[in-house]
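Thank you all for coming. I would like to take a few minutes to walk through one structure, and I will begin with a question once it is on the screen.

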Amino acid sequence: MVSTAMESEEQYVANKKMRLSEQGTESKATPMEMDGRMATAKFDETGRVHDLMPLYYGRLFPTNDMYRWLAYGHDKKHPQADQEFFQRREFCFTLEGDIFCRYQSFKDGAELLAALRDKVPEKIDLGPIYNVDPKRRAAYSSLGGDRVFAPVERELVFDVDMTDYDDVRTCCSGADICGKCWPLMTVAIQVIDRGLREDFGYRNLLWVYSGRRGVHCWVCDSRARKMSNEARTAVAEYFSVYRGGEKAEKRVATTHDLHPSLNTAFEVLEKHFLEHILPKQELLENSEQIGKILEMFPDADLRATLEEKLQKNLEKKESGRNFQDSVELWQELERAVGRKKNRALFKALKDVVFVYTYPRLDVEVSKHMNHLLKAPFCVHPKTGRVCVPMDPAKADQFDPADVPTVAQLLNELDEHEANYGKENAVKGEEASNTSMGKYMEMFRSAFLDGLMSDVKLEFAQSAKVANKIADATKPLDW
């Protein structure tokens, strides 16, 4: 365990329990609409998120589903099951005060839930499956020889963060997001999801909203989990078209004749560029973005002509006179390039679309097996929003503003129990009585059920192979 505070993990937990018993977990009451009348909501959205986490972990966190997922069938009584598989998974808890606790491990879901209730982490990160229980790493390494504590399995993961688009969005910057820039995440999901499924043949992909400004993807197929770091790097680089940096000489790694995968991706990119990015970001009605876009065209005369036209249009807009919007201006730019009949200029048109819409991955997250990534169903400590799963087929319908906060969920749970009685709630399924229910249902139907079906098939195939080996090694009975 690494701690950035003076108190130890044990001291922290004891002190936290004392603070909770003194302060309680309820925030200042606020009005809430119930059946046309005003009721009192116990949990205030402006209160401290961490004070609500004991109730969240105790009543809403889907420990059983998380255990089912991360055990990958090894929680069942199967001849090929490894009963220590789940216990070799690293969990990292970030406790209040930025106390960073790595190499946590748990025998099963019940032990994980007990630890969540006891330590009340602000964040949960998932690491790899190691060759031994992470808690025993020191004892294992001390045996010497070729015994090395090392990761042996881990989902292939991807991280897309909105801050990496700051140079191309005009509406927000940093951690802020809005309906104008969120389509960039939609594009990222559609392009990466298609590539992983169709180009690489992966089936079990879990997409998760990060709770604030981005999305994560977990590729959970068996062959993806067992990939080497070199193979992971190759897959990450496959999707690394954008080369970053406003001052970079070449900002996208494309050629005149695009790779078939990029050709397919371009259809998605262009659609969103014309329907969302251009009009919502007003790219050709912004002096800074006009300069960046025109720099990408290798024809000085064309740049000068277009810049003059675009600047005049800006003056019209500022004076309130009739002006052209970004989509109309882009169509004029396309016509100007068409008249030139220059192959490099046609490529520049596509490069603009790639620069402004193609997914921007944090490739370091994907390259290494032992990289930590925030677990689904965490609560973001700053926004209070739950890191909910997403259906990639409906990515364009996802609105981060609709994602429930922990305070909202607890108020909904209280309201449901007030109306129907606490005794009617199914233990472990309380989340289904809140707005988190639809996300839980989607997690199971769009991801977990399919994964478990594949896992069951893999175990059956392993058993068949084991039986054949056993038969082949039997002594001959003359």
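At what angle do the axes of helix α11 and helix α12 cross, and within what distance do they come? Before I answer, please note that this is a predicted model, in which local features need pLDDT of at least 70 and side-chain atom pairs count only at pLDDT 80 or more, while totals for chains, interfaces and linings use all residues. Residues are numbered from 1 along each chain as its sequence is written, and side-chain values use heavy atoms, leaving out hydrogens and water.

Now the answer: the axes of α11 (residues 300–319) and α12 (residues 326–340) come within 12 Å and cross at roughly 160°, where axes are lines fitted to C-alpha atoms over the stretch in contact, and angles run from 0 to 180 degrees between N-to-C directions. Helices here are DSSP runs of H or I with at least four residues, and strands are runs of E with at least two, numbered from the N terminus. The crossing makes α11 roughly antiparallel to α12, a term for angles over 145 degrees. Among the residues of α11 that meet α12 are L302, L306 and L310, and those on the α12 side include L329 and L333, contact meaning heavy atoms within 4.5 Å.

Let me turn to the cysteines. A search of the whole structure finds 0 disulfides, a disulfide being a pair of cysteine sulfur atoms within 2.5 Å. For C220, the nearest cysteine sulfur, that of C217, is 8.1 Å away, and C220 is buried, with a relative accessible area of 0%, where buried means under 20% with a 1.4 Å probe, protein chains only. The sulfur of C387 lies 5.4 Å from that of C378, its closest cysteine sulfur, which is too far for a bond.

Conventions. Buried means under 20% relative accessible area, exposed over 50%, partly exposed in between (1.4 Å probe, protein chains only). Angles under 35 degrees count as roughly parallel, over 145 as roughly antiparallel, 65 to 115 as roughly perpendicular and the rest as oblique.
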